[in-house]
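Visitor: Hi, could we walk through this one together? I'd like to start with how you use your terms.

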Amino acid sequence: KDIDHLSHTFQERLSEAITRHKLIHPEGKIIIAIDAADNAEMAGKINEQHAFPSDLLSQGLPEGCVLVMLSRPERLHMLKPQDDIRVLNMKEFTVEETEQYLSLYYSDCNTLIAEEVQRLTNGNPRVISIVVRESNSLDELLNRLGPTLTTEEDQIKKLFEQAKIMI
């Protein structure tokens with residue numbers, strides 16, 4: 001099968017990369033990071049194809065390699081992780097972290113505004129970064145978020161709708 005050949009070739013190349021890396025950094029490790037691994041699994045399922053993230057988890061990796069996958073917690077099961085997989089959950093921003101982040105983009109940010117953004121986003125860093133990227137001012141940012149809690153999916157849908165209008 002093509003997928004078996006690809007997996008075997010990947011493992012060989014990875015082992016070679018680890019060996020070469022160890023020559024320069026004997027204690028070093030190769031880190032493979034996959035963002036949105038859950039999305040890859042969903043796409044594989046929709047297209048009736050194997051998905052790379054779960055294949056990696058099931059194959060295992062050579063000594064000297066670390067695999068980091070990012071996934072929404074509610075979709076973690078899609079990756080079919082084994083019991084020995086270490087799962088870390090990202091925490092939401094604190095009000096202080098929200099204020100610090102917003103201050104990078106808006107000089108008029110203060111604690112009250114950060115508290116409101118925190119309330120409206122539930123401190124979700126991804127939602128905050130999306131709305132910051134799409135807002136030229138704090139007023140615009142608050143208008144995009146308010147008056148009720150905004151989820152990541154809500155923000156992505158809004159951005160998609162705005163993009164359709166621009167076309």
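Guide: Happy to. Buried means under 20% relative accessible area, exposed over 50%, and partly exposed in between (1.4 Å probe, protein chains only). By that scale Cys 65 is buried at 13% relative accessibility, and Cys 109 is buried with a relative accessible area of 11%. As for the source, this is a predicted model in which local features need pLDDT of at least 70 and side-chain atom pairs count only at pLDDT 80 or more, while totals for chains, interfaces and linings use all residues. Residues are numbered from 1 along each chain as its sequence is written, and side-chain values use heavy atoms, with hydrogens and water left out.

Visitor: Cysteines, then: how many disulfides are there in the whole structure?

Guide: The search finds 0 disulfides, a disulfide being a pair of cysteine sulfur atoms within 2.5 Å.

Visitor: Okay, new topic. How many salt bridges do you count?

Guide: The count is 5 salt bridges, each being a side-chain nitrogen of Lys or Arg within 4 Å of a carboxyl oxygen of Asp or Glu. One of them joins Arg 72 and Asp 38, at 3.7 Å from N to O. Arg 72 lies in the loop between E2 and H4 and Asp 38 in helix H2, so this pair ties together parts that are 34 residues apart in sequence. Helices (H or I, at least four residues) and strands (E, at least two) are DSSP runs, numbered from the N terminus.

Visitor: Are Arg 72 and Asp 38 buried or exposed?

Guide: Arg 72 is buried, with a relative accessible area of 14%, and Asp 38 is buried as well, at 2%.

Visitor: Which residues are linked with them in a network of salt bridges?

Guide: The network links Asp 38, Arg 72 and Arg 75.

Visitor: And what does Glu 16 form a salt bridge with?

Guide: Its partner is Arg 20, with the closest N and O atoms 3.3 Å apart. Both residues lie in helix H1, 4 residues apart, which is about one turn of the helix. Glu 16 is partly exposed at 43% relative accessible area, whereas Arg 20 counts as exposed at 55%.

Visitor: How far is Glu 16 from Thr 98 in space?

Guide: The C-alpha to C-alpha distance is 43 Å, and the two residues are 82 apart in sequence.

Visitor: What about Arg 119 and Glu 116, how far apart are the closest N and O atoms there?

Guide: They are 2.7 Å apart, in another salt bridge. Arg 119 and Glu 116 sit 3 residues apart in helix H5 (residues 111-121), so about one helical turn separates them. Arg 119 is partly exposed at 45%, and Glu 116 is partly exposed at 29%.

Visitor: Switching to rings: how many aromatic pairs are there?

Guide: There are 3 aromatic pairs. Rings of Phe, Tyr and Trp (its six-membered ring) pair if their centres lie within 6.5 Å; planes under 30 degrees apart count as stacked, over 60 as edge-to-face and the rest as tilted. Phe 10 and Phe 52 make an edge-to-face pair, 5.3 Å centre to centre with 85° between the planes. Phe 10 is in helix H1 (residues 2-24) and Phe 52 in helix H3 (residues 52-59), so the pair ties together parts 42 residues apart in sequence. Phe 10 is partly exposed at 26% relative accessibility, as is Phe 52 at 40%.

Visitor: Which residues do ring pairs link into a cluster?

Guide: Phe 93, Tyr 101 and Tyr 105.

Visitor: You mentioned H3. Which of its residues are buried?

Guide: Pro 53, Ser 54, Asp 55, Leu 56 and Leu 57 are buried in H3. The buried residues of that helix pack against H1, strand E1 (30-34), helix H2 (37-46) and E2, where contact means heavy atoms within 4.5 Å. After H3 comes Gly 60, with a positive phi near 85°.

Visitor: Last one: which residues form the nonpolar patch on the surface?

Guide: Ile 31, Val 66, Val 68 and Leu 70 form it, with about 310 Å² of accessible area together. Patches are made of residues with over 30% relative accessible area and no salt bridge, joining like charges within 9 Å and nonpolar side chains (Val, Leu, Ile, Met, Phe, Trp, Tyr) within 5 Å. The areas come from the Shrake-Rupley method with a 1.4 Å probe; for residues, only the protein chains shown count as cover. Leu 70 lies in the loop between strand E2 (65-69) and helix H4 (95-103), and it is partly exposed at 41%.
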